[in-house]
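Walk through this model with the coordinates open.

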Amino acid sequence: MAGLLSPDSRFYQSWASAADLVILNLLMILGSLPLFTAGAAFTATTRITAEMVREEETYVWKSWWRAFRENFRLATLVWVPALVLLSGFWLEERWISTMRNSLLVSVFLAFILLGVALIGAFLLWYFPLICHFENNITTHAANAVRLALGYLPRTLLCLALIFLPVLLALLMPQMLNAIGIFMVAIGGSFISYLIALIQKPVLARLS
């Protein structure tokens, strides 16, 4: 038992990482409550999970808050337009739900899903770029597009992780409460951690 509780043991480190992810998830939720700050909150979370994946020593609260402040401008300048587009897609989906032509509904929904996926693919590379590299917003945006397309299998896998909770909620509505509790407790930061693992080799090549 003493060996398990040793700070150098794998068991202790796993529990410490889980605790960090719970704290990180809470910070991300609180930082996203004013929706226009969510981009900076996602970026800060991306930064911390990348450090965790690289097994770097990090102080979750202090490091997250520093990353939030340092990347706020670049994150928000892209997040706010993305939020407007996503809101537009949501309103369009509400309007489509009133239509009776099933073929048109299917076509419109396909375009909405494609639009959401494209925005998600761009953001999941843009946020890591701005918190790891110094550059202007235009260059970061162009590089995010190149990475999203150049590493398409990784991009699709990351998107699958992001949309998985929504898909599970739709397919298994009886599990909605459990999925909601998981997402509030640790889900967002855990997904960010998995995405950081997927992106780690790519970002390492760029360093």
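This is a predicted model: local features need pLDDT of at least 70, side-chain atom pairs count only at pLDDT 80 or more; totals for chains, interfaces and linings use all residues.

M172 is found in the loop between α7 and α8, the latter spanning 176-206. Its relative accessible area is 32%, so M172 is partly exposed.

Next, the aromatic rings. Ring centres must lie within 6.5 Å to pair. By this rule there are eleven aromatic pairs. One of them joins W95 and F108. Their ring centres are 5.8 Å apart and their planes meet at 65°. Planes over 60 degrees apart count as edge-to-face, so the W95 and F108 pair is edge-to-face. W95 belongs to helix α4 (residues 72-96), F108 to helix α5 (residues 102-132). The pair therefore ties together parts that are 13 residues apart in sequence. F108 has 26% relative accessibility and so counts as partly exposed.

W125 lies in helix α5. Y151 lies in the loop between α6 (137-150) and α7 (152-171). This pair therefore ties together parts that are 26 residues apart in sequence. Are its two partners buried or exposed? W125 is buried, because its relative accessibility is 0%. Y151 is at 27%, so Y151 counts as partly exposed.

Ring pairs also build a cluster. F42, W79, F122, Y126 and F127 are linked in this way.

Now look at T49, in helix α2 (residues 38-53). Its relative accessible area is 0%, so T49 is buried. What is T49 in contact with, leaving aside its neighbours within four places in sequence? The partners are L21, L24, S189, S192, Y193 and A196.

Last, the cysteines. How many disulfides does the structure hold? The count is zero. A disulfide needs two cysteine sulfur atoms within 2.5 Å. For C131, the nearest cysteine sulfur is that of C158, 14 Å away. C131 is in no disulfide. C131 is at 8% relative accessibility, so C131 counts as buried. C158 is likewise in no disulfide, and its nearest cysteine sulfur belongs to C131. With a relative accessible area of 0%, C158 is buried.

Technical notes. Residues are numbered from 1 along each chain as its sequence is written. Side-chain values use heavy atoms; hydrogens and water are left out. Rings of Phe, Tyr and Trp (its six-membered ring) pair if their centres lie within 6.5 Å; planes under 30 degrees apart count as stacked, over 60 as edge-to-face and the rest as tilted. Helices (H or I, at least four residues) and strands (E, at least two) are DSSP runs, numbered from the N terminus. Buried means under 20% relative accessible area, exposed over 50%, partly exposed in between (1.4 Å probe, protein chains only). Contact means heavy atoms within 4.5 Å.
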